[in-house]
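Please look at the sequence and the structure first, then read on.

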Amino acid sequence: MTKSDALHELSTLLGQRLSTSKFELEAHGRSESYFPLTLPDGVAFPTSTEEVSEIVRICARHGLPVIGWGAGTSLEGHALAHQGGVVVDFRNMAAILDVHAEDMTVTVQPGITREALNEELRATGLFFPVDPGANATLGGMASTRASGTTAVRYGTMRDNVMALEVVLADGRVIRTGSHARKSAAGFDLTALMIGAEGTLGLITELTLKLQGQPESVGAAVCAFDSISDAVETVIETIQFGLPMARIEFIDADTAAAVNAYSGSKLPECPHLLVEFHGSETALAEQAEVFGGILAEHGGKGFDWATAPEDRKALWHARHHAYWAILNSRPGCRAVVTDMCVPISRLAQAVEATRADIAASGIKGPILGHVGDGNFHAILMIDDDNPAELQIAKDLADRMARRALSYGGTVTGEHGVGYGKLDYMALEHGGGWDVMASIKQALDPQNIMNPGKVVRVAG
Ligand SMILES: Cc1cc2nc3c(=O)[nH]c(=O)nc-3n(C[C@H](O)[C@H](O)[C@H](O)COP(=O)(O)OP(=O)(O)OC[C@H]3O[C@@H](n4cnc5c(N)ncnc54)[C@H](O)[C@@H]3O)c2cc1C
């Protein structure tokens with residue numbers, strides 16, 4: 001049996017929804033990051049769990065890799081078909097299946113994007129809080145254990161997924177978790193699948209926790225003379241226990257890039273972008289406490305925005321910061337780093353990273369979800385200049401090792417893919433071998449997104 005037999009069977013199953021066109025192979029062979037074009041053998045567009053199960057059964061019979069695909073925005077080469085195989089694109093499985101308003105939950109198919117979900121939920125007074133900078137799919141977000149600007153208040157995908165339907169490597173369909181808020185019934189298979197990056201199965205349904213729209217929302221931008229003043233403000237705010245809904249850092253280079261891209265007029269210095277959720281009274285109290293902490297650290301221009309359009313403009317600019325940075329050097333690509341450290345080491349980590357980048361000869365604006373101790377350097381490189389790529393990789397390597405030496409992690413939210421594989425043994429020690437054992441037990445042929453997260457033979 002050969003690859004072409006497998007593709008023939010898949011095409012009998014899916015008809016035109018199995019594509020081997022150059023256009024689709026290339027569209028599913030690119031990564032958002034610096035990794036080179038890597039073509040799969042075919043792209044499948046299933047419309048149901050039954051079809052996903054049958055796709056996996058066919059691939060299992062022929063030993064062909066199966067790689068899930070949401071929006072393709074992951075940053076560590078997660079969805080690239082390194083060993084060939086079939087990419088399963090979930091764009092035709094993007095429905096909201098059920099909104100349980102009284103339970104504040106929603107059940108969705110994996111291909112729906114976070115923006116589409118919140119648009120549909122708007123009339124219910126509920127929303128789904130996890131917001132990675134890209135308009136990712138819920139299946140991809142669960143698979144990378146994503147988070148975003150609101151994780152400091154509402155948690156990451158780990159905290160917001162209650163139940164899953166998953167197609168395993170042999171085509172079996174299982175359900176994990178329940179619609180109850182808690183459970184002590186055995187191994188937590190939902191948690192196992194979240195962050196597995198499609199290496200253990202394909203997610204075909206998710207039940208998510210929702211939040212009520214807050215009564216009042218206030219957002220503000222404040223400027224600082226130095227990175228350390230901004231970061232110390234964050235540390236004190238978190239240690240004080242102020243329930244921030246968002247607390248984001250951007251450095252001077254990011255502010256300049258955002259101005260040029262989004263037409264904002266931020267002073268070119270470090271900033272915090274913050275948001276508070278609650279009643280009007282709670283908001284006023286929180287703002288007063290935050291204003292006090294800010295003043296102690298020389299924060300300026302606590303520019304308060306309660307009008308929805310002003311807040312929208314602020315967070316739109318933040319969510320587009322990555323594109324703004326790329327735009328500041330036309331034609332460049334980026335090595336995106338993702339260190340996350342205990343909050344007590346945050347200032348040290350950001351300062352050491354800043355100094356390291358300054359000495360490197362390449363540009364790398366810093367921004368991040370600092371309330372969680374998580375920040376990114378967007379290391380800009382000329383794609384045609386291998387020396388710059390090497391400098392960026394060396395910087396990223398030092399950042400990863402620094403994160404570990406501070407008791408943190410090499411990836412706060414982007415995940416492992418194959419870009420971070422080399423750090424897994426360092427971060428987890430023998431725990432990484434346990435991950436490989438789990439992989440071998442659930443996917444003995446190693447067909448589910450092989451070469452990502454764990455290294456196993458086969
Ligand atoms: C500008 C920008 C900003 C970003 N900001 C953030 C951020 O703030 N926080 C953050 O966490 N990430 C961020 N990211 C990274 C990215 O958006 C997230 O990793 C996101 O969760 C990926 O979702 P996706 O739908 O694009 O998944 P994809 O990239 O398509 O896939 C990601 C992984 O999940 C697997 N997969 C996809 N669907 C399924 C499924 N149904 N079942 C099983 N496996 C599946 C894929 O095989 C792959 O391994 C950012 C990326 C960009 C480009």
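Is Y406 buried or exposed? At 13% relative accessibility, Y406 counts as buried, since buried means under 20% relative accessible area, exposed over 50%, and partly exposed in between (1.4 Å probe, protein chains only).

The model is predicted, so that local features need pLDDT of at least 70 and side-chain atom pairs count only at pLDDT 80 or more, while totals for chains, interfaces and linings use all residues. Residues are numbered from 1 along each chain as its sequence is written, and side-chain values use heavy atoms, with hydrogens and water left out.

Y406 is placed in the loop between α15 and α16 (424–428). Helices (H or I, at least four residues) and strands (E, at least two) are DSSP runs, numbered from the N terminus. Not counting residues up to four places away in sequence, Y406 touches V341, P342, R345, Q348, A349 and A352; contact means heavy atoms within 4.5 Å. Y406 and L117 are 289 residues apart in sequence, and their C-alpha atoms are 37 Å apart in space.

Helix α14 covers residues 346–358. The expected span of a helix is 1.5 Å times one less than its number of residues. For the 13 residues of α14 this gives 18 Å, and the end C-alpha atoms are 18 Å apart, which agrees. Buried residues in α14 are L346, A347, A349, V350, T353, R354, D356 and I357. The elements that cover them include the helices α9 (227–240), α10 (252–262) and α15 (386–405), and also the strands β17 (339–340), β18 (366–369) and β19 (374–382).

**The ligand**

How many residues surround the ligand? There are 37, and the closest are G68, G70, T73, S74 and S147; a residue is near a molecule if one of its heavy atoms lies within 4 Å of it.

| Side chain | Ligand atom | Distance |
|---|---|---|
| T73 | oxygen | 2.7 Å |
| E413 | nitrogen | 3.0 Å |
| N449 | oxygen | 3.2 Å |

On its own, the ligand has 970 Å² of accessible area, of which the protein covers 98%. Accessible areas come from the Shrake-Rupley method with a 1.4 Å probe; for residues, only the protein chains shown count as cover.

H277 lies in strand β14 (residues 271–278) and counts as buried at 6% relative accessibility. Its side chain makes a polar contact with the side chain of Y154 (2.7 Å). Another polar contact joins the side chains of H277 and E275 (2.7 Å). Leaving out residues up to four places away in sequence, H277 touches R153, Y154, P214, S216, V217, A245, L283 and Q286.

T237 is part of helix α9 and is buried, at 0% relative accessibility. The T237 side chain reaches the backbone oxygen of T233 at 2.6 Å. Apart from its neighbours within four places in sequence, T237 is in contact with L242, M244, I247, F290 and I293.

**Positive phi angles**

What is the phi of M104? M104 has a positive phi of about 55° although it is not a glycine. M104 sits in the loop between β5 (96–100) and β6 (105–108), and it is partly exposed at 30% relative accessibility. V453, also not a glycine, has a positive phi of about 65°. V453 lies in the segment after α17 (430–442) and is buried, with a relative accessible area of 8%.

**L37 and the cysteines**

L37 is found in the loop between α2 (22–27) and β2 (42–44). At 41% relative accessibility, L37 counts as partly exposed. Beyond residues up to four places away in sequence, L37 touches E26, G29 and R30. L37 and A400 are 363 residues apart in sequence and 25 Å apart in space, C-alpha to C-alpha.

The structure holds zero disulfides, a disulfide being a pair of cysteine sulfur atoms within 2.5 Å. C59 is buried, with a relative accessible area of 0%, and C332 counts as buried at 11% relative accessibility.

Conventions
Polar contact = N/O pair within 3.5 Å; in protein donor to acceptor, adjacent residues only side chain to side chain.
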